[in-house]
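These are my notebook entries on a two-chain model. I set down what I looked up, entry by entry.

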Amino acid sequence: MTRLTGGLIDRSRTLSFSFDGKSFTGHPGDTLASALLANDMRLMGRSFKYHRPRGPLTAGSEEPNAIVALRTGARQEPNARATVAELYDGLTARSQNSVGSLSFDLLAVNDFLSPFFAAGFYYKTFMWPKAFWEKLYEPLIRHAAGLGSLSGEPDPDLYDKGFLHCDLLIIGAGPAGLAAALTAGRAGADVILADEDFLPGGRLNSETHALGDASGSDWAKATLAELASRPNVRVMSRTTIIGAMDHGIFGALERVSDHLPEPAPGKPRQTFWRIYTKRSLLCAGATERPIAFRNNDRPGIMLGSALRSYANRWAAMPATDVAIFTNNDEGHRTASDLLAKGMRIAAVIDSRADAPKTSRYEVLAGAVVTNTAGRLGLSSISVQLASGEARKIACQALGVSGGWNPNVHLTCHQRGRPQWDDTLAAFVPGGALPPGMSVAGAAQGIMSTAGALSSGAAAAVAALSDPGITAKTAPLPDAEDAPVRITPLFHVPGKGRAWLDQQNDVTVKDVKLAHQEGYISVEHLKRYTTLGMATDQGKTSNIGGLAVMAEMTGKSIPDTGTTIYRPPYTPVSIAAFAGRSAGPDFRPTRLTPSHHWAAEQGAVFVEVGMWLRAQWFPRPGETTWRQSVDREVLATRASVGICDVTTLGKIDVQGTEAAEFLNRIYANPFGKLAVGKVRYGLMLREDGIAMDDGTTAHLAEDHFVMTTTTANAVGVYRHMEFCRQCLWPDMDVQIISTTEAWAQYSVAGPNARRLLQKIVDPAFDIGNDAFPYMGCGDITVCGGLRARLFRISFSGELAFEIAVPTRYGDALMRRLVEAGQEFDAVVYGTEALGVMRIEKGHAAGNELNGTTTALNLGMGGMVNKKKDSIGSTLSEREGLNRADALCLVGFRPVNAADSFAAGAHLIGRDDVANAANDQGYLTSVAYSPNLGYTIGLGFLKNGAGRKGEVLRAVNPVQDAETLVEVVSAHFIDPEGERLRA
Amino acid sequence: MIIPHPLLGPRDSQEFTYLGDVSLIDRPDWQATDAVDQFHDYLYLRDNPAGLHRELWFHEQGDRSWLVVTRDTRTHEITGAELARDVAHTKGRST
């Protein structure tokens with residue numbers, strides 16, 4: 001057990017957890033990685049491609065190696081970083097990427113085959129034969145590759161979304177962020193301070209230097225306590241700012257319950273916040289980078305800063321014999337801290353010839369690590385001394401310090417490019433930052449604690465001056481102020497594989513090969529080698545890869561350039577992005593006023609846009625949907641049927657120029673429609689294609705009510721507002737959607753009038769003379785309830801549509817059904833509605849499908865050429881008016897027993913079924929219970945002149961073919977006598 | 001993005017629906033001798049600038065105003081937002 005003294009863990013409590021089925025213990029404050037290290041577990045995973053044994057490289061969110069699956073069952077979460085997974089009692093974790101056990105991975109054979117798996121391997125190897133790709137290569141690769149797997153079960157937890165606003169968003173609660181928050185908080189500004197860690201403080205929790213009289217972590221704790229007491233400051237721990245979006249909008253992921261076995265009742269697992277702020281201050285710190293050398297990926301080899309974090313914050317060490325490899329002064333800080341914790345420092349290998357000297361441990365100046373040994377964990381390193389001599393040093397841990405990269409990511413989310421700083425040998429924020437963003441502390445390249453504190457406070461003062469808040473720099477404690485001393489070294493030249501991107505198994509050799517094959521641009525390098533494309537997005541590897549490429553091309557690192565930084569900063573689950581918009585709540589569900597009545601009747605519902613509509617109403621004894629639908633159709637045509645048509649769009653049009661407005665919106669004329677009359681209208685898009693159709697009723701001199709199809713209600717309204725505001729801004733016309741204000745029912749069939757007469761108040765005569773076909777008017781029903789009545793028909797029967805204010809919709813439906821009992825009235829759903837409109841030959845959504853014109857629909861004559869209307873000019877285009885243009889006609893099977901399907905294409909009897917011989921296609925097909933056979937509507941080239949012709953309806957999808965005859969689209973009552981009865 | 005609505009102040013762009021170039025206001029005269037050509041150009045020909053772009057947005061989840069928003073297509077910086085009705089007036093449109 002290598003649990004040290006001290007640390008920021010709560011030893012008064014012990015937590016048990018399991019990893020790969022074995023039980024361990026840890027303490028509150030531990031991460032999964034720190035607890036495993038404290039249990040002498042260095043091996044935590046296998047690499048993606050070569051299945052190399054791996055342990056943690058880091059102690060933070062940049063971790064490439066220690067990737068595990070957390071939890072089991074429906075809550076299983078793949079690809080979690082053990083370095084940031086907060087320990088809780090009962091946590092279960094499993095390693096990934098191993099076939100067999102973690103210590104004996106069957107696919108480790110890939111490592112011996114590595115010469116075949118170099119960069120571009122997949123592109124080069126699996127080229128041919130083509131047929132092998134889908135059946136052999138891809139399944140093979142998919143099985144071998146990939147990271148963790150999903151449980152396949154629905155996620156039981158709740159995810160939420162939230163919105164926050166503030167004067168200043170401070171990103172990162174290290175020394176710079178805390179100093180900034182103190183300054184801004186005391187000035188009274190509304191501040192959000194967000195930190196990804198569960199223990200804010202950044203490196204203050206991992207370093208040993210003091211701030212004034214206190215330890216760094218104590219100062220952080222005291223500062224956070226003050227901030228928490230201020231109502232104007234919101235400290236958000238466990239919250240990662242994942243992206244800097246446009247106009248001061250930031251995405252933030254708060255892991256509300258990830259540290260608990262399961263969320264508290266009613267609490268979300270995670271909340272995705274949108275933070276709106278004009279001013280942001282990035283204090284995201286810096287990430288240490290490794291140095292590449294042969295076999296630098298063994299468990300036990302870590303970043304020096306990670307070793308300090310494990311030792312100081314978590315009192316956990318992977319081993320007691322530790323060596324350090326560094327190109328800057330950080331390695332010596334690591335050595336001092338570990339000595340103080342009782343570790344043995346085997347040596348500090350400092351690549352700089354002028355390395356600082358000390359008597360406390362051995363310093364090998366000008367030396368480099370050339371190789372390592374140890375199958376499942378580090379056992380020794382090979383060092384090449386300044387003299388050129390080789391030396392082997394036994395150690396179980398190696399701390400590598402290659403310099404610090406400021407976390408510039410968010411400064412680049414709007415395509416800003418960072419600048420190279422020679423002193424730091426790293427990129428710092430530069431160019432155009434996202435508007436309103438400033439940077440402080442290590443993220444800005446200010447690497448000392450004192451510098452971080454003062455720059456954070458100063459940046460807060462500056463940021464607040466713009467919204468006019470006067471802030472004073474908070475008094476700050478004395479802190480270390482060491483300069484950065486680094487001699488860049490990115491990789492140690494030599495044989496063998498030196499790893500740059502450990503998660504995606506990209507080596508120095510791969511980068512060299514990419515260069516050799518001409519992939520010189522960094523963006524090409526990234527995609528060809530996959531460097532930086534893993535879940536860690538190359539936080540520890542990108543700069544190393546760039547440096548190797550720069551060396552190859554003979555260019556400088558800044559001239560080589562970086563790849564583009566994109567959100568999210570760390571991975572975000574899709575569930576968090578979705579929030580509550582999942583499953584049935586993916587989008588709102590709209591219910592009609594009679595929905596509950598229909599549900600009581602056992603209706604089967606169908607989604608139509610956001611609406612749920614009754615599709616049919618099964619009766620006892622009916623075992624197939626067709627039985628129900630046939631019954632509804634026959635009963636309606638025999639007596640009377642009732643259908644809920646509330647979902648149709650309704651647009652109220654008022655004003656002295658309302659008629660002229662409609663005249664321009666519709667292709668057919670509306671200027672002379674009498675009050676009390678309804679007219680069918682066809683609306684075109686400006687390109688001459690049919691957009692929507694419906695009826696418009698003229699209720700009063702300056703008042704019309706338009707109906708649209710259910711699906712196009714929103715788009716038609718938008719279009720009309722565009723015409724009204726942008727094209728004819730001075731027309732006296734006002735429009736508003738009243739779709740949800742009125743419940744509307746169709747009452748259709750020979751007994752429709754008799755049924756309605758029982759409901760409509762006696763003052764209103766709805767007889768054929770007083771209320772003829774296409775009449776409309778305001779009436780009252782049921783003893784004074786205001787209503788609208790329209791004598792329109794979609795079914796071809798004598799029919800009315802009756803509308804009442806929405807809140808009376810349920811009552812009216814019940815009243816209609818009750819009144820209809822003496823006529824054996826049925827209630828019919830959308831299927832029967834569809835059958836009857838096909839029988840009548842009415843076009844609907846299948847025919848107005850975004851490719852058809854008025855001419856195609858057989859309504860070419862309706863487009864009035866004597867007025868201006870949307871689409872009329874371009875409907876005259878030659879291409880839309882060819883002699884062989886498609887025309888809507890009807891189809892019936894030659895053999896009445898045959899059926900066919902919508903979508904089938906029409907081919908001449910003796911022609912080959914191919915695109916060249918295509919004569920058109922079927923759009924709507926139904927079984928007509930009135931005729932006793934299948935009927936269809938479809939578009940046929942020059943269809944109007946081809947009645948009686950026999951064609952083949954070819955359906956290659958279902959491998960079916962039927963002989964069909966071209967007939968009139970009006971199967972029922974072609975003269976329209978029923979309508980006018 | 002945040003759109004500075006001329007009547008309602010800053011509003012989230014999610015409340016809006018995008019249409020396209022402001023030139024859609026310039027609907028040609030249907031009685032022109034070359035009306036078909038003019039309508040063709042009106043409907044299909046657009047400038048695609050890298051830089052300032054005046055474009056139509058509809059405040060669908062709001063007050064149902066059509067706006068003309070001036071946006072830099074490279075940075076998404078929005079430098080202006082006007083009521084489309086006012087813009088239509090300046091372009092001489094009336095009834």
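**Entry 1: a sheet in chain B**

I looked up the pairing of strand β5 (residues 66-72) of chain B and found that it runs antiparallel to β6(B) over five bridges. Strands here are DSSP runs of E of at least two residues, helices runs of H or I of at least four, both numbered from the N terminus; two strands pair if DSSP finds at least two bridges between them. Within this pairing, B:Val69 has B:Ala81 of β6(B) as its bridge partner.

The model is predicted: local features need pLDDT of at least 70 and side-chain atom pairs pLDDT 80 or more, while totals for chains, interfaces and linings use all residues. Residues are numbered from 1 along each chain as its sequence is written, and chains are lettered from A and ligands numbered from 1 in the order in which they are written.

I then traced the open sheet, which has four strands in the order β3-β4-β5-β6 (chain B) with antiparallel pairing. Its edge strands are β3 (17-21) and β6 (78-83) of chain B, each pairing on one side only.

**Entry 2: a helix from chain A**

I noted that helix α18 (residues 713-727) of chain A lies across β3, β4 (52-58) and β5 of chain B, at about 85 degrees to β5(B). Axes are lines fitted to C-alpha atoms, for helices over the stretch in contact, with angles from 0 to 180 degrees between N-to-C directions; contact means C-beta atoms, placed from the backbone, within 7 Å.

**Entry 3: chain A overall**

I recorded 21 helices and 50 strands for chain A. Its C-alpha atoms fill a box of roughly 115 × 70 × 55 Å along the principal axes.

How values were computed:
Two residues are in contact if their C-beta atoms, placed from the backbone, lie within 7 Å.
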